Amino acid sequence: MQPWHSDNPALTRAFAPVFDERDDADLPIEGALPPGLSGVFMRNGPNPQFEPGPGYSYPFDGTGMIHALYLDGGRARYRNRWVLTAELQEERDAGHRIYNPTFAPPPYANLANTNVLRHAGRIHALYEGGCPYELDDALGTVGANTFQGKLAGAFSAHPKVDPLTGEMLAINYDLMAGTLEYMRLNSTGRVDRQVAFASPWPALVHDIGLTATHVVAFVCPLVFDFSRGPAAPGWEPQRGTQVLLVPRDCTDAAQIRWIEAAPFFNWHVANAYVDGNVIEAVLPWHDGYGPTSRKRLEMHRLRIDMASGRVDDQTLDDQPCEFGRVNDAWLGRRTRFCYAGLRDPRPGETPQPGAFEAFARYDVETGAKTVYRLPAGQTACEPVFAADPAGAGEADGYLLSFVHAEDDAGGRFIVLDARDLAAGPVAQVRLPRRVPAGLHGSWMPLQAAA
């Protein structure tokens, strides 16, 4: 792969792409990997092979590259591969870029660059502008997956898998048509619910909350009006935010409910659960979107009263954070703890949006926050929870992440004890080459990967 360099801030420092596909075994480890922590950590993110055209913007652009850290028996192995989409193969055959960034004129590609998760024994690279791409355990691209032909358009980058039923649930969106679609796949990977309905306005729904009874999502007033230009979104707070409630067994759009709330924007939902007539959701909360409208980024808890139609909004912490996660075994149920990347630059550090200097654990019952701050010059992205095989409680486990260090050609993978976050890493795996900042990932224990 021919290296290139760009001065675009979205392609420098932590976001600078890498140009090799590697397989490195028996990596050096500082500390000791937790006993029984066997499986693979996979993380997706933009990594353009060919230099993009004008308008490239992280995190919206760049063909996906999966970075994987395989752990077994106290040993670590690293492997990375591009997701070989049809468009990337076309560009490789041509030897140059063909497709344009999101905020430029077409043509556009399915980038398969946002998330990676396993469902029904299949690994999916996900991107909300196209269908999933299936991968094998060695990160080879199997091909596009339309769920036995049921998926006609794009699939969500953020479906949620119910740990009790094995179902995968999603809200898909179509900005051009101004429509949404509820889709549920059963534990075998077959679609058993598919309901299309109108959106209040053309808006992205990046993530959802999963509860025992409903899927909850937030249609925020970031409006895509294509008369203003290619995919040009505008912040229109006068519209408010519409809370979308879809019964999990929904078969008809008439069963779907909308509740009006004050305007805000969100990318992610850490978790949600239902208690009687009330749904609670914990999420990183933005007071707007765009360089002129966004001032606050905080961790909030929303209480959605389905009986009264009232939405109460509580600030849990006002320090900027994103990429909220919980122990996936408790997803959709009441959780006490959630974890996030935390904005906490040191004096003199120039932060990059989308890379974080710290991790936080929030106790949503007491309001306490525990922080691990990375060493100077280091940043990370989403913390992914890996359950401790010897534990049974919600907090029994570890946070996993790749780490980028300024002016270091090597990379790191860290393991933090979620029960004692402030103590720092219990193990660090040294990588032969840096891993760029990226988006979402999954921990796949060996017993789930078999």
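Which residues are linked in a network of salt bridges? They are D162, E167, R184, D192, R193, R248, D249 and R333. A salt bridge here is a side-chain nitrogen of Lys or Arg within 4 Å of a carboxyl oxygen of Asp or Glu. Side chains of opposite charge can pair when their charged atoms come close. The structure holds 35 salt bridges.

This is a predicted model: local features need pLDDT of at least 70, side-chain atom pairs count only at pLDDT 80 or more, and totals for chains, interfaces and linings use all residues. Residues are numbered from 1 along each chain as its sequence is written, and side-chain values use heavy atoms, leaving out hydrogens and water.

D249 and R184 form a salt bridge, with their closest N and O atoms 2.8 Å apart. D249 sits in the loop between β18 (241–247) and β19 (257–261), and R184 in strand β12 (residues 179–185), so this pair ties together parts 65 residues apart in sequence. Strands are DSSP runs (E, at least two residues), numbered from the N terminus. R184 is buried, at 5% relative accessibility. Buried means under 20% relative accessible area, exposed over 50%, and partly exposed in between (1.4 Å probe, protein chains only).

Now go to D23. This residue forms a salt bridge with R79, the closest N and O atoms being 2.4 Å apart. The pair links distant parts of the chain: D23 is in strand β1 (residues 23–24) and R79 in strand β5 (residues 75–82), 56 residues apart. D23 is partly exposed at 38%, while R79 is buried at 14%.

Key
Helix = DSSP H or I, 4+ residues; strand = E, 2+ residues; numbered from the N terminus.
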